[in-house]
Amino acid sequence: MKFRPLHDRVVVKRIDAEEKTKGGIIIPDSAKEKPSQGEILSVGPGGRDEAGKLIPIDLNVGDIVLFGKWSGTEVKIDGQEVLIMKESDIMGVITDGSAKKKAA
């Protein structure tokens, strides 16, 4: 990717939601909600405190994260739709290995 976020911002690619429910019902595109999980593609250097000291970001490229429904700004970079959001918009990192397997 040819984009580097500034300060405490990150670039996130949404992970598509399941096409079927557990009961086997197929969900049409018009009824799907936008997924609130994504993979970190790029991370800025971090924010600054009042004294000007750099505070590094706790996220790493490749982390699977959970974020709010209306978080971030949708943009298209290199033909790929991604979200740019502040670190504070991210609720947490999913550490279970099965989330990455679903994304693949």
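Residues are numbered from 1 along each chain as its sequence is written, and side-chain values use heavy atoms, with hydrogens and water left out. Because the model is predicted, local features need pLDDT of at least 70 and side-chain atom pairs count only at pLDDT 80 or more, whereas totals for chains, interfaces and linings use all residues.

**View 1. I15 in the loop between β1 and β2.** I15 lies in the loop that links β1 (9-14) with β2 (37-43), strands being DSSP runs of E with at least two residues, numbered from the N terminus. I15 counts as buried because its relative accessibility is 12%, where buried means under 20% relative accessible area (1.4 Å probe, protein chains only). Although I15 and G38 are 23 residues apart in sequence, their C-alpha atoms are 4.9 Å apart in space.

View 2. Strand β6 (residues 73-77) runs antiparallel to strand β7 (residues 80-86), and five bridges join them; two strands pair if DSSP finds at least two bridges between them. In this pairing E74 stands opposite L83 of β7. Two residues sit between the strands of the hairpin, where D78 takes a positive phi near 55 degrees.

**View 3. S71 in the loop between β5 and β6.** S71 is placed in the loop between β5 (64-67) and β6, and S71 counts as buried because its relative accessibility is 12%. Leaving aside residues up to four places away in sequence, S71 touches L83, M85 and D89, contact meaning heavy atoms within 4.5 Å. A polar atom of the S71 side chain lies 3.2 Å from the backbone nitrogen of G68.

Definitions and conventions: Helix = DSSP H or I, 4+ residues; strand = E, 2+ residues; numbered from the N terminus. Buried < 20%, exposed > 50% of the residue type's maximum accessible area, 1.4 Å probe, protein only. Polar contact = N/O pair within 3.5 Å; in protein donor to acceptor, adjacent residues only side chain to side chain.
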